[in-house]
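Here are a few exercises to work through with the model open beside you. Try each task before you read its solution.

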Amino acid sequence: MTYKKIYFVGFMGSGKSTVGKLLADALGMGFIDLDDEVVKRQQRSINAIFREEGEDVFRRYESELLKEFSVKEGLVFSTGGGIIGSERNWQIMNSCGVVVFLACSWPTVLARLEGSSERPLVNQNDLESLKALYESRQELYRRADVQIDVDELTPEEVVLEIKQKLAQG
Ligand SMILES: Nc1ncnc2c1ncn2[C@@H]1O[C@H](COP(=O)(O)OP(=O)(O)OP(=O)(O)O)[C@@H](O)[C@H]1O
Ligand SMILES: O=C(O)C1=C[C@@H](O)[C@@H](O)[C@H](O)C1
Ligand SMILES: [Mg+2]
């Protein structure tokens, strides 16, 4: 079955990029990783954008691309971990498709992000402030239409569970 659009949201390391690609392939839908699209469009890394123009400008680029892709059908998106911070982004996602939250515990996030240097918010923050950011976002992520608790699941199992939940409507 092809859906209009599916948007993955969740904290860094929750598996949005990994699972998004797998689900798109399983459903025969196109796949867009919004972080990768910003990098392609800007021809700079996310670290460089944060360093040279700051987080607010990165958020603007991210929102512009979300809007730009909203006219296309049959796409699965992995969004950046902070997409949920803007009401405008929610309006676009809610009006264009289904939002799926990959819920991941803090210890699992930590294990998955170990050694990561591509994520400016991981580089900039100490563990305590990164955890505070994680906690402050949970309520926003829970606004999604569907939640999958991913800690104990392989990416393939996450995909199966999403397919089941989407089929239930
Ligand atoms: N269900 C899973 N089980 C085990 N490892 C996973 C699972 N999902 C993702 N991973 C691993 O966790 C790491 C982070 O995954 P991924 O890059 O997909 O997260 P993300 O949500 O896209 O993060 P970001 O918001 O920073 O882009 C990768 O090394 C990936 O292989
Ligand atoms: O959680 C966040 O705010 C971010 C997550 C990444 O996906 C990137 O979008 C960027 O590093 C910011
Ligand atoms: Mg990603």
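Burial here goes by counting C-beta atoms placed from the backbone: a residue is buried if 20 or more others lie within 10 Å of its own, exposed if 12 or fewer, and partly exposed in between. The model is a predicted one, so local features need pLDDT of at least 70 and side-chain atom pairs count only at pLDDT 80 or more, while totals for chains, interfaces and linings use all residues. Residues are numbered from 1 along each chain as its sequence is written, and chains are lettered from A and ligands numbered from 1 in the order in which they are written.

**Exercise 1. Check the predictor's confidence.**

Step 1: pLDDT is the predictor's confidence in each residue, from 0 to 100. The chain averages 95, and 98% of the residues score at least 70.

Step 2: For the complex, the predictor gives an ipTM of 0.97 and a pTM of 0.97.

Step 3: A caution to keep in mind: where pLDDT is low, the predicted coordinates should not be read in detail.

**Exercise 2. Describe the shell around ligand 1.**

Step 1: Count the residues near the ligand (C-beta atom, placed from the backbone, within 6 Å of it). There are 19, and the closest are Met-12, Gly-15, Lys-16, Ser-17 and Thr-18.

Step 2: Look at the elements, where helices (H or I, at least four residues) and strands (E, at least two) are DSSP runs numbered from the N terminus. Those giving two or more residues to this shell are helix H1 (16-27) and helix H9 (155-168). H1 gives the most, with three residues.

Step 3: Sort by type, with Ala, Val, Leu, Ile, Met, Phe, Trp, Tyr, Cys and Pro as nonpolar, Asp, Glu, Lys and Arg as charged, and the others, Gly among them, as polar. The shell around ligand 1 splits into five nonpolar, 10 polar and four charged residues.

**Exercise 3. Which residues does the UniProt "binding site" annotation cover, and is Gly-13 buried or exposed?**

Step 1: UniProt positions follow the numbering used here, feature names are shortened, and annotations may be inferred rather than shown by experiment. An unreviewed UniProt entry annotates Gly-13, Ser-14, Gly-15, Lys-16, Ser-17, Thr-18 and Arg-119 as "binding site".

Step 2: Gly-13 sits in the loop between strand E1 (5-9) and H1. It is buried because 22 other C-beta atoms lie within 10 Å.

Step 3: Not counting residues up to four places away in sequence, Gly-13 touches Cys-104, Val-109, Arg-112 and Leu-113.

Conventions: Two residues are in contact if their C-beta atoms, placed from the backbone, lie within 7 Å.
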